[in-house]
Amino acid sequence: AQRVTQPEKLLSVFKGAPVELKCNYSYSGSPELFWYVQYSRQRLQLLLRHISRESIKGFTADLNKGETSFHLKKPFAQEEDSAMYYCALKTQGGSEKLVFGKGTKLTVNP
Amino acid sequence: DGGITQSPKYLFRKEGQNVTLSCEQNLNHDAMYWYRQDPGQGLRLIYYSQIVNDFQKGDIAEGYSVSREKKESFPLTVTSAQKNPTAFYLCASSFERNTGELFFGEGSRLTVL
């Protein structure tokens, strides 16, 4: 069965420090992975996807199939990065759907 | 103004009552989804629909029902059979079948008294 694990419920860093939000997945097929973000009082929105290999708001994420991971990284955290972050896996085949992890709440302190 | 509109934002229900949450989108998206968001549980898929007049159960469909009679609308009914209905419900849509890019509504918070 497909599963997405985000081991940290809460993560707190200081402004300017590097940040890494961990995501591990379990899936027998070819994975497509995404990071979604929910800022305070805003809608949940797509942050980035692994197939586009782009950097959004300074964040990057690399799919590591060997370690079945898709960690989200930013070299210098900003206060406005404080939000709830969800890793998501798109399943394939007949019942395609998006499976989310439980989320990590990131707090960037001044 | 394009987007997804969920209503009501807040809803109270007595035990034993059914309640219907509305989700409307004017993005011309084919696929629509209902998720339940609980603290510490992340988002769990209730139902999804990839085309009009068709829908599939998600991971936690028991106690819920949906319909997809129009492309723009995907209402969710929380029935009295749902054991723990108090939650935050999120509706989403995507342009094509399962692109992985979902557009979310603002959510509806249901409280059972």
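Between chain A and chain B of this predicted model, 9 residue pairs are in polar contact, both residues at pLDDT 80 or more; a polar contact is a pair of N or O atoms within 3.5 Å, where within protein one must be able to donate a hydrogen and the other to accept it, and residues adjacent in sequence count only if both atoms are side-chain atoms. Strand 5 (32-38), strand 6 (45-49), strand 9 (83-90) and strand 10 (98-100) of chain A each give two or more residues to the side that touches chain B, strands being DSSP runs of E of at least two residues, numbered from the N terminus. Strand 5 supplies the largest share, 3 residues.

The rule also finds 2 salt bridges across the interface, each a side-chain nitrogen of Lys or Arg within 4 Å of a carboxyl oxygen of Asp or Glu. A:K97 forms a salt bridge with B:D59, with the closest N and O atoms 2.9 Å apart.

The C-alpha trace of chain A spans about 45 × 30 × 25 Å along its principal axes.

Residues are numbered from 1 along each chain as its sequence is written, and chains are lettered from A and ligands numbered from 1 in the order in which they are written. Local features need pLDDT of at least 70, side-chain atom pairs count only at pLDDT 80 or more, and totals for chains, interfaces and linings use all residues, while side-chain values use heavy atoms, leaving out hydrogens and water.

Terms used. Helix = DSSP H or I, 4+ residues; strand = E, 2+ residues; numbered from the N terminus.
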